[in-house]
Amino acid sequence: MVKTGLSLGGSSLAVIAAIARASARDYAAIARASARGYMGTMTASSLIPPSPSELDYERVEAETADAPLPEGADPLALFAAWFEKAKAAEPNDPNAMALATADEAGLPDLRMVLLKDFDARGFTFYTNLDSAKGRQLAANPQAALLFHWKSLRRQVRVRGAVEPVSAAEADAYFASRARASQIGAWASDQSRPLPDRHALEKRVAEYGLKFGLSALPRPPHWSGFRLVPSAMEFWRDRPFRLHERLVFSRVAADGLWSTERLFP
Ligand SMILES: Cc1cc2nc3c(=O)[nH]c(=O)nc-3n(C[C@H](O)[C@H](O)[C@H](O)COP(=O)(O)O)c2cc1C
């Protein structure tokens, strides 16, 4: 219980009760943030880094002075080359990408997912089919992806139709996952309300017991989607915000692409 020595009204008591319920670690983090003034005197503008100087730009120029982006390239091959660089440079998850979908009212939605495969057919990720994104994609099978590799100062945008991966493909990927992640896929009602952390831990324990030492089958509500790109944009940081942008648009299903440069 938190003791204050003050006389408190109903809503204050609710706040104190909520703080008392929070874990000690969360409470300490809130106290630290409060002491730093995030909730008080510090303004957003004092948190945002300043615009780069001439010197910063010279450094970026030296780091990124490659040949211009190749117009006639196969965009999937170009993506593979950039991804290879990102894998070597990013501190973690070079395959993390933002996935944009829209709900039934047309309101955009956005979250990170991990790219698990890509080839001439498209970009594959896995998820819970009953999650918000799963339901949105079932109703409107179109999406956009965004990779932002901060260490390279590059981004790739991808747009297109989304199709389910085959059951065999999803089974193979599910089987390759760590056993605890497989149990997690069974236990999580992704995107639906969770009363408390304990409820999730209880479900994990229940599924752990249920499957014992046997191999876990893929849950019926868990599979993958492949975004089939109709357009891909490659963006590279250049000094003084004069960035380089190259857009590939699919002309024919057989892999023919047109290219166009855009003003930054
Ligand atoms: C780096 C990163 C990678 C993630 N990868 C996945 C993923 O591959 N699949 C997934 O379902 N959720 C992934 N998540 C969690 C999602 O961002 C999101 O919280 C969850 O899928 C629920 O989204 P929804 O409610 O829009 O369906 C990831 C989150 C982060 C930050």
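**Reading a predicted chain, loop to core**

User: Is F240 buried or exposed?
Analyst: F240 has 11 C-beta neighbours inside 10 Å, and a residue with 12 or fewer is classed as exposed. This is a predicted model, and in it F240 is found in the loop between β7 and β8. Because of its 11 neighbours, F240 counts as exposed.

User: How far apart in space are R241 and P264, C-alpha to C-alpha?
Analyst: Along the sequence, R241 and P264 are 23 residues apart. In space, the C-alpha to C-alpha distance between R241 and P264 is 7.4 Å.

User: Which element gives the most to the largest nonpolar core?
Analyst: This core has 25 residues, and those touching the most other members are A143, L145, V156, V158, F225, L227 and M232. At least two residues come from each of α5 (75–89), β1 (96–102), β4, β5 (142–149), β6 (154–164), β7 and β8. With 5 residues, the element that gives the most to the core is β7.

User: Which residues is A143 in contact with, leaving aside its neighbours within four places in sequence?
Analyst: A143 is one of the residues that touch the most other members of the largest nonpolar core. In soluble globular proteins, nonpolar side chains tend to be buried together. Once its neighbours within four places in sequence are left aside, A143 is in contact with L99, A100, T101, L137, V162 and L227.

User: Which residue in β2 stands opposite A100?
Analyst: The strands β1 and β2 run antiparallel and are joined by 7 bridges. They form a hairpin with 5 residues between the strands, where G106 takes a positive phi near 85°. Across from A100, the residue in β2 is L110.

User: Which element gives the most to the shell around the ligand?
Analyst: Of the 16 residues around the ligand, those that come nearest are T127, S131, A132, K133 and S191. The elements giving two or more residues to this shell are β2 (108–114), β4 (122–128) and α6 (132–139). By class the shell holds 7 nonpolar, 5 polar and 4 charged residues. The element that gives the most, with 5 residues, is β2.

User: How much of the chain do buried residues make up?
Analyst: The secondary structure of the chain comes to 9 helices and 9 strands. Among contacts between residues at least 6 apart in sequence, 58% join residues at least 24 apart. Of the 264 residues in the chain, the buried share is 16%.

How values were computed. Residues numbered from 1 in each chain as written. Predicted model: local features only at pLDDT ≥ 70, side-chain atom pairs only at ≥ 80, totals over all residues. Near = placed C-beta within 6 Å. Helix = DSSP H or I, 4+ residues; strand = E, 2+ residues; numbered from the N terminus. Nonpolar A, V, L, I, M, F, W, Y, C, P; charged D, E, K, R; others polar. Core = buried A, V, L, I, M, F, W, Y, C linked by C-beta atoms within 7 Å. Buried ≥ 20, exposed ≤ 12 C-beta atoms within 10 Å, placed from the backbone. Contact = placed C-beta atoms within 7 Å. Pairing = 2+ DSSP bridges.
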